[in-house]
Number of protein chains: 2
Amino acid sequence: MMLDTSKNILIVGLGLIGGSYAKALRKLGFKISAITLDREDIDYALENGIIDFGCTEPDPKVIGRAELIIFALYPHVFVEWIDKYQSYLKPGALLTDVTGVKGAIVEKIQAMLRPDVEFIAAHPMAGREVYGVKNSDERIFHGANYIVTPTSRNTDAAVEDCLELGRLLGFSHVSVLTPEKHDEMIGFVSQLTHCIAVSLMTCYDGEKLQDYTGDSFRDLTRIARINDDMWSELFLLNRDALLDSMDKFLAEFMKLRASLESGDRETMRTMMRVSTERRALFDKK
Amino acid sequence: MMLDTSKNILIVGLGLIGGSYAKALRKLGFKISAITLDREDIDYALENGIIDFGCTEPDPKVIGRAELIIFALYPHVFVEWIDKYQSYLKPGALLTDVTGVKGAIVEKIQAMLRPDVEFIAAHPMAGREVYGVKNSDERIFHGANYIVTPTSRNTDAAVEDCLELGRLLGFSHVSVLTPEKHDEMIGFVSQLTHCIAVSLMTCYDGEKLQDYTGDSFRDLTRIARINDDMWSELFLLNRDALLDSMDKFLAEFMKLRASLESGDRETMRTMMRVSTERRALFDKK
């Protein structure tokens, strides 16, 4: 396809991420349409020059003219949408998404999709603790990672286009992973950390915590403000990988607890040294 | 005593925190002496106007003229220092500290101390992932919490002076807690979070983690760069409170794990909603 600005781009689901995609791409000169449930969001996006055209219903004309469609929907809504409306798609259209889990979604969508269109999955690893198109901001992509997760059904051209999309959006690191490897990684770096943050907030019901905390607690719980509807769906769709990550973490945490309880200072210090070395490498990047 | 700039202040242990105290107080016009092991640190501090006078040995003259002494030492070194050198202290001197645990230290120091001097304990809840006087910076106190932990042996005047010291240093929130309550709080907001960060770093030995992470993982592991010598000592000195905090966290984490495994979405969502509400209150501050 090649992503030149003559292409019509449609964004389905105009929230924080969909809106940020729209802002980034429209600044590059693309014509952006959007379909989203709430009239207010369309009005806001039109008034603020975030999109060129918007509607609240899956209009066959709007869908039928799009060469690139970006789905920023909850996973189950995405599947339902394809089921109901894929007959409107333009032959040759390229579909991509922003879904946070891949194994449970990508093969399912690709298996049900018309053979004359292609779905190439991607995960923009960016977000904020606020929601909606009004909070959208393409700068959340700067410094962030973008992962394309092709399967054997995907063409090289689609993979290239999707990588190019990540670069156009302003992501600092664009890469390719299998859906399985992606989910394993995401179970660890994203879902596990959210489980930890949530548990940290729910485990203490004490008074005036905020008067006594340092930055550590603030940092570890920043992501404890969480969209329960979306994240519970994502957790369940990635259950095995997330359970595996939780168990890996638990094993180390229990080891540290046991060494503290028994006064085994050397085990504690060894863990701290490993941790420090690994985190130092991390900061160099 | 009243903290006016005619008072001689001595800082024992010129590292990141001791150096930051020196910078903040000297800018206010106090005369600052320092005793620290390493000649290089003294030279650096003199050359950069961080202190007025410094030495590497516990000089009786230097100790004997100080009206306020701030100890920024490892806990066991602090206890040894008092044992060896308290005979040099000026009658009426006020001693304070920056130690991260209190129960194991405060009563011990107060019990061994000469009756004509007073030790009032405090914990400046500020730090960085770098060490040494060369990295000292009084701005780390801005926005941070400072906790004074008096016992029945302390005078009201000393508590007031110590609170005033916290305000002079630039802390945003200055408060009073018992040593026991302090240790319980610190076990939760600081030590538990460090245990989590360390376990997160040690539990995964995978490749190229940094290419795929979002901000969540970075935030949760920032404090995984940790001085193993100091933190293992602090953990062991606060063993019971920290074990209790670890167990509280574990109970919630296991609950989340069980609800994920069994597909009990409502329990997951309830935890996420509680977490979100509590963290939102937190951000308002």
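**Two chains and the interface between them**

A rotation of 180° with 0.0 Å of shift along its axis puts chain B onto chain A, at an RMSD of 0.0 Å. The two copies are therefore related as by a two-fold rotation axis. Keep in mind that this is a predicted model. Its scores are ipTM 0.89 and pTM 0.89. For chain A, the average pLDDT is 94, and 97% of the residues score at least 70.

Which residue of chain B comes closest to it? That is Leu220(B), with its C-alpha at 2.4 Å from the rotation axis.

Leaving out residues up to four places away in sequence, Asp219(B) touches Asp219(A), Leu220(A) and Arg222(A). So here Asp219 of one chain is in contact with Asp219 of the other. Within chain B, Asp219(B) and Ala197(B) are 22 residues apart in sequence, and their C-alpha atoms are 9.3 Å apart in space.

Now the interface as a whole. On the chain B side, 82 residues are in contact with 82 residues of chain A. Of the interface residues of chain B, 100% are also interface residues in chain A, so the copies meet through the same surface. How much area is buried between the two chains? About 8,900 Å², and carbon and sulfur atoms give 66% of that.

Which elements build the chain B side? Those that each supply at least two residues are strand E8 (145–148), strand E9 (173–176), and helices H7 (179–202), H8 (215–221), H9 (228–237), H10 (239–262) and H11 (265–284). H10(B) gives the largest share, 16 residues. Sorted by class, the side of chain B that touches chain A has 39 nonpolar, 17 polar and 26 charged residues.

Last, salt bridges beyond the interface. How many does the structure hold over all chains? The count is 42. An example inside one chain is Glu184(A) with Lys181(A), where the closest N and O atoms are 3.6 Å apart. Both residues lie in helix H7 of chain A, residues 179–202, and they are three residues apart, about one turn of the helix.

Notes:
Residues are numbered from 1 along each chain as its sequence is written. Chains are lettered from A and ligands numbered from 1 in the order in which they are written. This is a predicted model: local features need pLDDT of at least 70, side-chain atom pairs count only at pLDDT 80 or more; totals for chains, interfaces and linings use all residues. Side-chain values use heavy atoms; hydrogens and water are left out. Contact means heavy atoms within 4.5 Å. Buried area is the accessible area (1.4 Å probe) that two parts lose on being put together, summed over both. Helices (H or I, at least four residues) and strands (E, at least two) are DSSP runs, numbered from the N terminus. Ala, Val, Leu, Ile, Met, Phe, Trp, Tyr, Cys and Pro count as nonpolar, Asp, Glu, Lys and Arg as charged, and the others, Gly among them, as polar. pLDDT is the predictor's confidence in each residue, from 0 to 100. Copies are superposed by least squares on the C-alpha atoms of residues with pLDDT of at least 70 in both. A salt bridge is a side-chain nitrogen of Lys or Arg within 4 Å of a carboxyl oxygen of Asp or Glu.
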